[in-house]
Amino acid sequence: MDEKNLNGDQIRLAVIQQLEGLRRAGVTHWKRIDPISPPKTSQNSITQVQTTAIKSVTAQNPEKNPAPVVSTAIANSHTPTRTLVETESSELAKKKNASPPLVPIPFHPLDLPLADRIAGLAALAERVKGCTRCHELASTRTQTVFGVGNPQARIVFVGEAPGADEDAQGEPFVGRAGQLLNDIIKACRMRREDIYICNVLRCRPPGNRLPAPEEATNCREFLDGQLAHVNPEYIVCWGACAAQNLLGSTETIGKLRRKFFTYGRSKVLCTYHPAYLMRNPAAKKDVWEDMKMLFLDMGIDLAAKSK
Ligand code: URA
């Protein structure tokens, strides 16, 4: 790899690979960054990567590597990223009087190591590329649109199906609805790359018609495969198509929102689709209520003023 021309994703991947190497070498803890006087380097920007790699350490061998404690500095800044593992003695930390309260990194026994998630998702994406189960979609698509984001995300977003922009670019939610989704993500003080994003369908329905039930059934194996690999704590269903398909419900989105459902280990929240919000901007406040409810459940108060 030409180090001078690395883009954000490549840097991220390189850091993940480095940390995986350290993990294999037996490193289980990482020095905490002093939240009061952060170093001048760009270390803060890789906090999520460092933490998720460490998370996979404990996930693989929770008895040998009990859940480490982490500083909640990041939670206090209202982003859902978890910060670095505390290694100092609590006495020392007390003396410095610089540490916020400590909480364990949540992990789950079904969490796959990062390398397995990346490989599993890549294998699934290859199968999707060659899929012809839905003849109409396979013969009209420019390309399949698998999914994008952090394979260790706490949250997976599920939308309906690719539109024209997604079909052209091969990535979900890159059109106008995607821009609005990005605004929502930003308002929640997250980055798009912190989340994993996919759809009920991986091919564009011609003319952006609604996915047919049998198309959703054909594609379900891939959606479930993605959810199983990422194994998120939370799933957000954007719009009735995602909500009804995932939950096997016929209720309207208005009835499905404002409560949590369960899918596997994940808590599921349903809300209005960004495309609906473009037509009905008054519903944006409802989505904001839903986001506040989701993040409060994650321990993050979006209503609190950031410092
Ligand atoms: N783009 C997507 O990828 N999914 C949607 O549901 C809408 C737009």
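These exercises, each with a worked solution, treat a predicted model.

**Exercise 1. Classify the ring pair of Tyr 234 and Phe 260, and place its two members in the fold.**

Solution. 
- Step 1. Two quantities are needed: a pair of aromatic rings is described by the distance of the centres and the angle of the planes.
- Step 2. The ring centres of Tyr 234 and Phe 260 are 6.2 Å apart. The cut-off for a pair is 6.5 Å, so the two rings qualify.
- Step 3. The planes meet at 55°. Stacked requires under 30 degrees and edge-to-face over 60, so this pair is tilted.
- Step 4. By this rule the model has three aromatic pairs.
- Step 5. Tyr 234 belongs to strand S6 (residues 234-238), and Phe 260 to strand S7 (residues 260-263). The pair therefore ties together parts that are 26 residues apart in sequence.

**Exercise 2. Are Tyr 234 and Phe 260 buried or partly exposed, and which residue lies over the face of Phe 260?**

Solution. 
- Step 1. The limit for buried is under 20% relative accessible area.
- Step 2. Tyr 234 has 5%, so Tyr 234 is buried.
- Step 3. Phe 260 has 28%, so Phe 260 is partly exposed.
- Step 4. Lys 267 lies over the face of Phe 260. The distance to the ring centre is 5.5 Å.

**Exercise 3. Check the length of helix H9 (residues 213-230), then find where H9 bends.**

Solution. 
- Step 1. H9 has 18 residues. The expected span uses one less than the number of residues, times 1.5 Å.
- Step 2. The bend is at Cys 219 and comes to about 45°.
- Step 3. Cys 219 is also one of the buried residues of H9. Others on that list include Phe 222, Leu 223 and Leu 227.

**Exercise 4. Describe what follows H9.**

Solution. 
- Step 1. Asn 231 comes after the helix, in the loop between H9 and S6.
- Step 2. The phi of Asn 231 is near 45°, a positive value in a residue other than glycine.
- Step 3. The relative accessible area of Asn 231 is 9%, so Asn 231 is buried.
- Step 4. Asn 231 and Val 156 are 75 residues apart in sequence. Their C-alpha atoms are 8.7 Å apart in space.

**Exercise 5. Where is Arg 204, and how far is Arg 204 from Thr 140 in sequence and in space?**

Solution. 
- Step 1. Arg 204 is in the loop between strand S5 (196-199) and H9.
- Step 2. Its relative accessibility is 23%, so Arg 204 counts as partly exposed.
- Step 3. Arg 204 and Thr 140 are 64 residues apart in sequence. In space they are 8.0 Å apart, C-alpha to C-alpha.

Technical notes: Residues numbered from 1 in each chain as written. Predicted model: local features only at pLDDT ≥ 70, side-chain atom pairs only at ≥ 80, totals over all residues. Heavy atoms only, no water. Phe/Tyr/Trp six-rings, centres within 6.5 Å; stacked < 30°, edge-to-face > 60°. Helix = DSSP H or I, 4+ residues; strand = E, 2+ residues; numbered from the N terminus. Buried < 20%, exposed > 50% of the residue type's maximum accessible area, 1.4 Å probe, protein only. Lys NZ or Arg CZ within 6 Å of the ring centre and 35° of its normal. Bend = angle between axes of the 7 residues up to and from the residue.
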